[in-house]
Amino acid sequence: MENRCPPPKDEPKEYHVRKDNTVRYRTNYYSVPSSTYRNRNTVVWLLENNGYIELYDKESGKLICRHELCPGKGKNVCDKRHHKDKTRSVNDLQVRIRKRTEDDPTVILWLRNLEREKPRYYRDNMKLLLHVISEYGKETVIAALRTCLEKNIYNSLSVQEISGSIHRSKDNMDGMTIQAPTSIPETADCHPEKTDINQYNKFFE
């Protein structure tokens, strides 16, 4: 006979996905793939079945991952495969940004500080930064990042706003034209008065 798992005891229930891409179940934390969390309203279906917990995408109903049920308390149950994709994605974004900006020192320093200041949002900020580079170009973004470094700003949304401001300023300067005067001012045709040399000679007589 074909081996079959016994039917689940309970119906699946909704569980919120945390920012660190984990789901809390009975005081323990179970990992989900790194791209699962989207916002604070992200939820998954959780089903306990035959000593395992199964997590399903709420919209598609597809199985996201499966963990052996942990008997302890306050434990982190992590599948290492859930974080490999995230690490690869972060490294890929770093390479793409550095290539697009030709390893500019300002960009490298800002990224290093961003990772230190906001490690949780590092990947999302780099994704937006890459978009800003495509939108405004390398030189404009580098100028914006230089301003951010001076003001200790580590947020790609601010970089986008500053880049937009710089871009608009450049457009305004390009739109200005210097017009040559159409007529010569009256004062330009004036000549200094001349004094008769004989008047100076009288002082030395």
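## Strand pairing in the sheet

Two strands are taken to pair if DSSP finds at least two bridges between them. In this predicted model, strands β5 and β6 are joined by five bridges and run antiparallel, while six bridges join strand β4 (residues 43–49) to strand β5 (residues 52–57), again in an antiparallel arrangement. These pairings belong to an open sheet of four strands, whose order is β1-β4-β5-β6 and whose pairing is antiparallel. The edges of this sheet are formed by β1 and β6 (63–68), each of which pairs on one side only, and from one strand to the next the twist averages 35°. As a general point, the strands of a sheet pair through backbone hydrogen bonds, either parallel or antiparallel.

Strands β4 and β5 form a hairpin with two residues between them, and in its turn Asn50 has a positive phi of about 55°. Across this pair of strands, Asn49 has Tyr52 of β5 as its bridge partner, and Leu46 stands opposite Leu55, also in β5.

Strands β5 and β6 form a hairpin as well, here with five residues between them, and the turn residue Gly61 has a positive phi of about 80°. On the β6 side, Arg66 is the bridge partner of Glu54.

## Charged side chains over rings

Tyr52, the bridge partner of Asn49, also has a charged neighbour, for Arg66 lies over the face of the Tyr52 ring at 3.9 Å from its centre. A second case involves Lys58, which lies over the face of Trp45 at 5.9 Å from the ring centre.

## Aromatic pairs

The structure holds two aromatic pairs. In one of them, the ring centres of Tyr15 and Tyr25 are 5.6 Å apart and the ring planes stand at 80°, so this pair is edge-to-face. Tyr15 lies in strand β1 (residues 13–16) and Tyr25 in strand β2 (residues 22–25), so that the pair links distant parts of the chain, ten residues apart. With a relative accessibility of 21%, Tyr15 counts as partly exposed, whereas Tyr25, at 7%, is buried.

Trp110 and Tyr154 form a tilted aromatic pair, with 6.2 Å from centre to centre and 35° between the planes. Because Trp110 lies in helix α2 (residues 105–117) and Tyr154 in the loop between α4 (138–150) and α5 (156–175), the pair ties together parts that are 44 residues apart in sequence. Trp110 counts as buried at 0% relative accessibility, and Tyr154 is likewise buried, with a relative accessible area of 10%.

## Helix α3

Helix α3 (residues 122–136) has 15 residues and reaches 21 Å from its first C-alpha to its last, which is close to the 21 Å expected at 1.5 Å a residue. Its buried residues are Tyr122, Asn125, Met126, Leu129, Leu130, Val132, Ile133 and Tyr136. Seen down the helix axis, these buried residues fall within an arc of 160°, and they therefore line one face of α3. Just after the helix, Gly137 takes a positive phi of about 95°.

Terms used: Residues are numbered from 1 along each chain as its sequence is written. This is a predicted model: local features need pLDDT of at least 70, side-chain atom pairs count only at pLDDT 80 or more; totals for chains, interfaces and linings use all residues. Side-chain values use heavy atoms; hydrogens and water are left out. Rings of Phe, Tyr and Trp (its six-membered ring) pair if their centres lie within 6.5 Å; planes under 30 degrees apart count as stacked, over 60 as edge-to-face and the rest as tilted. Buried means under 20% relative accessible area, exposed over 50%, partly exposed in between (1.4 Å probe, protein chains only). A charge sits over a ring if NZ of Lys or CZ of Arg is within 6 Å of the ring centre and within 35 degrees of the ring normal. The expected span of a helix is 1.5 Å times one less than its number of residues. The arc is that of the directions from the helix axis to the C-beta atoms. Axes are lines fitted to C-alpha atoms, for helices over the stretch in contact, and angles run from 0 to 180 degrees between N-to-C directions.
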